[in-house]
Amino acid sequence: MLAVTFILFMTFSASHAADTFILGYTNLRGAKVPVPLGVDEGIFLRHGIELKMAPVSPGTLGVPKLLAADIDLFLGNSEPVVRAIAVDKKSLAVIAHLGSEGFMLFSRPGIIRVDELRGKKIASSLDGASVDRNTKKALRKVGLDPEKDVTIVYTGFQNSSDRLKLLAKGEVDATVAGSDALPELGKDIDKVHPLIDLVEIGIAVSGADISAEKNFIGRKREGLKRFISALEESFRLARSRPDLVRRTYEKRLKLSNPATLDWMVKDYLSAKLPARPTPNPKVIEAYLDDLLLPQPDVQKDVNLYMDASLF
């Protein structure tokens, strides 16, 4: 495999200059898996893209890192990107969407109704981070004031599994987390209860959008078109090769438990993903709806927030 990739890359390099892109990412779970899979399988390299991957935590650092050119691409929640464009007039754009995340509001097993959360402790991550915004949004959607009706506990944990472990220990009463983290609870999985599916209350959460700075898009358009071609190939391969998805999780997430790996692969393959990883206007519209409440003068045209011209 490596020999074939090298030969193909050398053939490509004979007529094109390869591009090196730095992609910042929040995590490599769920819908994000085609990107590391494509790197590991040599797909990006075959398209003349050397993709270097750098963790970004919390995800709110994605925007300043893009603007400072510390990273070229950001894989994560695009809400801060949309907010930076709408409110701060930053020159950014969402260029791809790999799929929405299966986020839920989990509670202790004894809490089976939304109104039973009143007066309880809700675990969040960091003040203002995407998890925190979605937690507060979910609470408001079900009629609870996050400032008055519950106590928000800022744990500092960006990973869903860390917050779920706190919930399983009984240190908090509820938390918003990705369902793909459930297997990591092991025997404690019955100590958490899926109370609300965020999609069912109208909260579109996309933790797997790719964004870039507009001047960078203009300068590197040809290279980015090759990046998108590699992304599409990786996206298709991930959907057709569960063995590669499993191997990617095993390598990138340092997982070894067979049951956990089986569950995560099944969760990815059963997810409702788009036919192609083009930017999703519905996700952007959902973010804009939230922004329009406090700032009704923001631009509403979704085309100002995304660039689908690379497809």
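Which element gives the most to the lining of the largest pocket? That is α6, with four residues. Please keep in mind that this is a predicted model.

## The largest pocket

The largest pocket holds about 1,100 Å³ of space. Its lining is made of 50 residues, and those nearest the centre are Ser-100, Glu-101, Gly-102, Phe-103 and Val-205. Besides α6, at least two lining residues come from each of β5 (103-107), α7 (160-169), β8 (174-178), α11 (258-270) and α12. By type, the lining splits into 20 nonpolar, 20 polar and ten charged residues.

## The second largest pocket

The second largest pocket has about 490 Å³ of volume. It is lined by 23 residues, with Arg-83, Arg-133, Lys-137, Arg-140 and Asp-290 closest to its centre. Two or more lining residues come from each of α5, α6 and α12, and α6 has the largest share here, at eight. Eleven of the lining residues are charged, seven nonpolar and five polar.

## Helix α5

Helix α5 (residues 79-88) is largely enclosed by the rest of the structure, because seven of its ten residues are buried. Among these are Val-81, Val-82 and Ile-85. Their cover includes α4 (62-67), β4 (92-97), α6 (130-141), β10 (209-213) and α12 (281-292). After α5 comes Lys-89, with a positive phi near 60°.

## His-97 in strand β4

His-97 sits in strand β4 and is buried, at 2% relative accessible area. Its side chain makes a polar contact of 2.7 Å with that of Asp-209. Other residues that His-97 touches include Ser-206, Arg-276, Pro-277 and Val-283.

Conventions: Residues numbered from 1 in each chain as written. Predicted model: local features only at pLDDT ≥ 70, side-chain atom pairs only at ≥ 80, totals over all residues. Heavy atoms only, no water. Buried < 20%, exposed > 50% of the residue type's maximum accessible area, 1.4 Å probe, protein only. Contact = heavy atoms within 4.5 Å. Polar contact = N/O pair within 3.5 Å; in protein donor to acceptor, adjacent residues only side chain to side chain. 1 Å grid on protein atoms, 1.4 Å probe; cavity = no way out; pocket = protein on both sides within 12 Å on 5 of 7 lines; lining within 4 Å. Points joined across faces, edges and corners; volume = space filled by probe spheres on them. Nonpolar A, V, L, I, M, F, W, Y, C, P; charged D, E, K, R; others polar. Lists of a residue's contacts leave out its neighbours within four places in sequence.
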